[in-house]
Amino acid sequence: MKNIICTDKAPAAIGPYSQAVEVNNMVYTSGVIPVNPATGEIPQSVKEQAVQAFSNLKNLLEAAGADMSQVIKTTVFIKEMDDFGAINEIYAEYFPQPYPARSCVEVARLPKDVLLEIEAIATK
């Protein structure tokens, strides 16, 4: 059975997709971008955007009944690989050890021209 996860504590979907889907006690998130869900604002710096994106992901997982410690895999999309260190620093503040598996990919462009996007898979 598929359970659709939706919360106003993470950015709303901007297309025909769900914020997250739960199947067999696994939570699959869509890409989460650094938009403040209350105001629609996007922070300027890459560190501020990382904090906002990871906070949004945390809120989305909590809406699904999970938390950051239950994440087993993430994919981080970044606009500039030169920002890897700054994003990594914030990432380590949100994910407890042992860290989830992760891929990090530089991309040409992201929705709303943000600097990063993250998606995750978590167990419940």
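Colleague: Which residues are buried in helix α2 (residues 84-94)?

Modeller: A note on the source comes before the answer. This is a predicted model, in which local features need pLDDT of at least 70 and side-chain atom pairs count only at pLDDT 80 or more, while totals for chains, interfaces and linings use all residues. Residues are numbered from 1 along each chain as its sequence is written, and side-chain values use heavy atoms, with hydrogens and water left out. Helices (H or I, at least four residues) and strands (E, at least two) are DSSP runs, numbered from the N terminus. Buried means under 20% relative accessible area, exposed over 50%, and partly exposed in between (1.4 Å probe, protein chains only). In α2, the buried residues are Ala 86, Ile 87, Ile 90, Tyr 91 and Tyr 94.

Colleague: What do the buried residues of α2 pack against?

Modeller: They pack against α1 (46-63), β4 (71-78), β5 (101-106) and β6 (116-123). Contact means heavy atoms within 4.5 Å.

Colleague: How is a strand read, and which residues form the covered face of β2?

Modeller: In a regular strand the side chains alternate between the two faces of the sheet. In β2 (residues 20-23), Ala 20 and Glu 22 make up the covered face, and Val 21 and Val 23 the uncovered one.

Colleague: In which sense do β2 and strand β3 (residues 26-29) pair, parallel or antiparallel?

Modeller: Two strands pair if DSSP finds at least two bridges between them. β2 and β3 pair in the antiparallel sense over four bridges, with Tyr 28 in β3 as the bridge partner of Val 21. The two strands form a hairpin with two residues between them, and Asn 24 in the turn has a positive phi of about 50 degrees. Strand β1 (residues 2-5) also pairs with β2 in the antiparallel sense over four bridges, and Lys 2 stands opposite Val 23.

Colleague: Is Asn 56 buried or exposed?

Modeller: Asn 56 lies in helix α1. Asn 56 is buried, with a relative accessible area of 1%. Not counting residues up to four places away in sequence, Asn 56 touches Lys 9, Ala 10, Pro 11, Val 32, Ile 33, Pro 34, Val 35 and Pro 37.
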